[in-house]
Amino acid sequence: MYATSDISPFVQRSQDTAVIFVGMRNAYLALRRNVGHVAGSILTILIVPIAVGFMWLFLRSQRSKLKKLLSTNVDLSNYKKTRIEFDRLNSIFEVIGDRNFDKIITRAPWLLLGILRIMDDILRLIRQRRDAIGHALSQLDATAPHTDLLKPITEAELWEHRTKAYDYRF
Amino acid sequence: MFNTSYPFKFRMSEKVEGEPYHKLHRFAFRCKRNERYAVLLEEYEGDFFGIKFFRNALSKSSKRFQQMTNFYDAPAVINTCLEIMRYKLKENPRASFGFTGAPLESEKDDVTKPTKRFRLYKRIMENLFSPERFVHYQLEQANIYLLINRCSESPQELAEWATEMLRRNYEF
């Protein structure tokens with residue numbers, strides 16, 4: 001739908017991380033459904049700690065890279081690029097859900113606590129960027145002049161109705 | 001779709017009295033059938049421009065804004081008008097624009113629906129004019145579309161002036 005050049009490195013990395021989250025969730029659910037008690041116990045003792053260790057290291061590096069890329073300054077001079085970024089970040093939360101990890105962490109087994117905390121941090125970083133863009137976009141509507149007759153078309157409505165492949169000319 | 005345009009010429013600017021606009025800028029171009037078109041930019045206060053175009057052959061006709069040419073050349077003609085808007089914006093970066101989508105002969109009696117031209121122009125404006133630079137307004141009941149430049153001297157005052165002018169000329 002969009003050209004790759006329209007995606008910022010922060011969004012690219014956020015999306016990659018979201019794909020990993022979804023993969024981890026699916027793997028966990030598949031294991032729970034298909035592995036019996038005995039095999040499950042063996043897996044938990046032999047493989048899970050190693051896998052969790054690797055995931056912890058990997059997610060930690062993802063978090064530090066995202067931290068470096070994060071910026072809460074929103075430049076609307078390239079409106080299209082910023083809007084696409086906003087859509088992409090929103091779609092991440094549509095896929096993995098905008099959940100509150102605090103509650104999950106209190107119920108999770110201790111082995112997974114480290115991973116869940118990092119996941120929570122990563123989602124917080126993504127949410128921070130999304131909210132910064134959302135705020136900047138809402139300012140476009142807030143500053144639009146209006147009268148009792150002239151009601152401005154909202155930025156979201158204009159974006160929704162347009163063919164995304166076109167570039168703005170003006 | 002809107003990639004081709006015709007080379008246009010700036011003809012003249014003239015001061016106007018007795019009209020709500022104070023200056024009229026005339027542009028002209030020829031389409032692929034060598035048919036001549038006129039584009040008028042009516043300059044109102046606050047750097048607001050009303051844009052109109054019609055075939056020169058129909059310039060004396062009261063239906064010059066309504067008739068269809070059946071040349072199947074609308075994209076290039078409309079794109080030329082967009083290029084003229086770009087030319088004006090280059091000259092005056094504070095320029096705001098407005099236009100109406102005139103009804104076709106078949107639409108004249110049905111005032112409840114927005115006209116075909118209005119729907120097309122609206123689509124083009126949504127696609128090509130960034131909300132970061134222009135505030136978009138539509139008045140479907142009168143088939144009017146306005147683009148107020150965020151860089152204009154006072155966008156709020158311009159919106160208020162436009163409201164007053166619209167109320168004077170249309171029934172809302």
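Analyst: Two residues are in contact if their C-beta atoms, placed from the backbone, lie within 7 Å. The model discussed here is predicted.

User: Which residues of helix 6 of chain A meet helix 3 of chain A?

Analyst: Helix 3 of chain A contributes residues that include A:Val48, A:Trp56 and A:Lys67. The contact as a whole divides into 14 nonpolar, 2 polar and 4 charged residues. On the side of helix 6 of chain A, the residues are A:Leu111, A:Leu112, A:Gly114, A:Ile115, A:Ile118, A:Met119, A:Asp121, A:Ile122 and A:Leu125.

User: Are helix 3 and helix 6 of chain A roughly parallel or roughly antiparallel?

Analyst: Their axes lie 9 Å apart and pack at an angle of about 20 degrees. Angles under 35 degrees count as roughly parallel. Therefore helix 3 of chain A is, relative to helix 6 of chain A, roughly parallel.

User: What is the radius of gyration of chain B?

Analyst: Chain B contains 3 helices and 7 strands. For 172 residues the globule rule gives 16 Å, and the chain is close to that value, so chain B is as compact as a globular protein of that length; its radius of gyration is 16 Å.

User: How many residues does chain B give to its contact with chain A?

Analyst: Chain A supplies 20 residues to this contact. Of that side, 13 are nonpolar, 4 polar and 3 charged, and helix 7 (residues 155–161) of chain A gives the most, with 3 residues. The number from chain B is 25 residues.

Conventions
Residues numbered from 1 in each chain as written. Chains lettered and ligands numbered in written order. Predicted model: local features only at pLDDT ≥ 70, side-chain atom pairs only at ≥ 80, totals over all residues. Helix = DSSP H or I, 4+ residues; strand = E, 2+ residues; numbered from the N terminus. Rg over C-alpha atoms; globule rule 2.2 N^0.38 Å. Nonpolar A, V, L, I, M, F, W, Y, C, P; charged D, E, K, R; others polar. Axes fitted to C-alpha atoms, helices over the stretch in contact; angles between N-to-C directions. Parallel < 35°, antiparallel > 145°, perpendicular 65-115°, else oblique.
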